[in-house]
Amino acid sequence: MEKKYFIKTYGCQMNVYDSHRMAMMLEDMGYVKAQNQLDADLVLFNTCHIREKAAEKLFSDLGRALAVKNEREEKGLKTVIGVAGCVVQAEDEQIFKRAPYVDFALGPLAYHKLPNILRQIELKQQAGVLETDFPAESKFDFLPENKAEGGCSFLAIQEGCNNFCTYCVVPYTRGVEYSRPVKDVIAEAQKLIETGAKEINLLGQNVNSYHGEDESGQERNLAYLLNKMAELDGLKRLRYTTSYPADVDDELILCHKNIGILMPYLHLPVQSGSNKILKLMNRRHTKETYLDVIAKLREANAKLKFSSDFIVGFPFETDEDFQETLDLVEKVGYIQAFSFKYSRRAGTPAAVMENQVSEKVKKERLDVLQTKLFDLQTKFNQSCVGQTFDVLFEQKGRHKGQLIGRTPYMQNVHVVAQSEMMGQIQKIKILSATTNSLKGEVL
Ligand code: SAH
Ligand code: SF4
Ligand code: F3S
């Protein structure tokens, strides 16, 4: 009987991409996707270590997975439990100390070894296989070809980070920056388009520091790559994320003027509006240089809208610093954003800074900030009512005959539409709007 896999993904879009690549590998080995955990011979958690909550979630989910494993055992069924992703890199052997029933743990740079590890476990019936060395080879050279799953695809072009923001674990979990060669990116993009992708979102932890080699060995930047991508037949939409504001250069700004398929929406995380806090965070931008980049981007393309990430309650953050964040939010007028309470991460410089902010103050500030951000988001969504947008349909809605797609601005749109429109782009007139989604009709 064919084996079934179940993958649960936490964290960022890079993890979504990695999970997809792991699923492809499993399918190449003959596995099929399980509808739920109880049905799965292999349960894989692809984890995130960015904030304490994200990491702790894993251990409660693992507890539940053990219960399911025991339940299956009573029916004579074996279950392999695996953990991948950033928690593995950070916790190393600790994973097995806290959850000894985990069969294998695989760091984010080593998941190309998944098939081998599964064979190893099958042959030796051995548990506790760990792979957390940063391998010398690039996993991308060992993965089977990627395939699209629907109209929107992620494509990792860069991984790791050299920025060392003082709060962040990513440089430790994903290692130093690595950029894939131009040729490999284009080849993967072509495969994705052939298998149905209309939109490709180029991914990297610090995507705009991309510096992959072309065929002559010359290093090329993100602007070069975007222009190459724009030449691909059949690609209708192009995005890239996440950008580091200080690394947005003039060539990249020009892309927003010249590349028609580049969507008018950019995630440009600022984190804070206070220069004092930005410095303590080791971000290489100030409020002024950030606003300057935004102004230049708007000059290149007046339609461009922005989203951001924010951290509130970073050590030493006063009410005045926080007010500066609110002022910046107002100035930029973000149409979407993610905001978080600062979370102390062991091993990062900010975790041991003095003047940590109390949980109570963090919560109050987050509430104020989110109210403001939601208000801006609602206003923008409402301003779209009556307008017509190209919408790329990505999933079925909860109601019968309904599909959900995205506008160029990443808004979710619910539309009554035929299921053949899935994975396709349609002109949709927007009828109504709430904070989180729009309703529209096919024109
Ligand atoms: N590379 C991206 C962000 C990666 S992490 C960038 O530089 O912007 C995604 C977001 O998680 C960050 O932008 C930040 O807002 C948040 N984050 C990271 N570490 C955090 C921490 N220790 N506490 C709270 N939020 C954090
Ligand atoms: Fe983390 Fe900063 Fe790198 Fe983003 S730029 S991944 S926040 S260290
Ligand atoms: Fe989380 Fe790792 Fe992404 S820590 S945010 S899964 S890079």
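In this predicted model, strand 16, which spans residues 402–406, and strand 17, which spans residues 412–416, pair in the antiparallel sense over five bridges. Within this pairing, Arg406 has Asn412 of strand 17 as its bridge partner. Both strands belong to a closed barrel of five strands, which runs in the order 15-16-17-19-18 and shows mixed pairing. On average, and with direction ignored, neighbouring strands of this sheet are turned by 55° against each other.

A helix contact was also examined, and two packed helices are described by the angle between their axes and the distance between the axes. For helix 1 (residues 13–28) and helix 5 (residues 114–124), the axes come within 10 Å and cross at roughly 50°. An angle from 65 to 115 degrees would count as roughly perpendicular and one under 35 degrees as roughly parallel, and helix 1 and helix 5 are therefore oblique to each other. The crossing of these two helices is right-handed. Helix 1 contributes Met22, Met25 and Leu26 to the contact, while helix 5 contributes Leu114, Pro115 and Leu118.

Turning to the ligand, the residues around ligand 2 are Cys161, Asn163, Phe164, Cys165, Tyr167, Cys168, Val170 and Pro171, together with Tyr244 and Arg283.

Terms used. Residues are numbered from 1 along each chain as its sequence is written. Chains are lettered from A and ligands numbered from 1 in the order in which they are written. This is a predicted model: local features need pLDDT of at least 70, side-chain atom pairs count only at pLDDT 80 or more; totals for chains, interfaces and linings use all residues. Side-chain values use heavy atoms; hydrogens and water are left out. A residue is near a molecule or strand if one of its heavy atoms lies within 4 Å of it. Axes are lines fitted to C-alpha atoms, for helices over the stretch in contact, and angles run from 0 to 180 degrees between N-to-C directions. Helices (H or I, at least four residues) and strands (E, at least two) are DSSP runs, numbered from the N terminus. Angles under 35 degrees count as roughly parallel, over 145 as roughly antiparallel, 65 to 115 as roughly perpendicular and the rest as oblique. A crossing is left-handed if the near helix is turned anticlockwise from the far one by less than a right angle, and right-handed if clockwise. Contact means heavy atoms within 4.5 Å. Two strands pair if DSSP finds at least two bridges between them.
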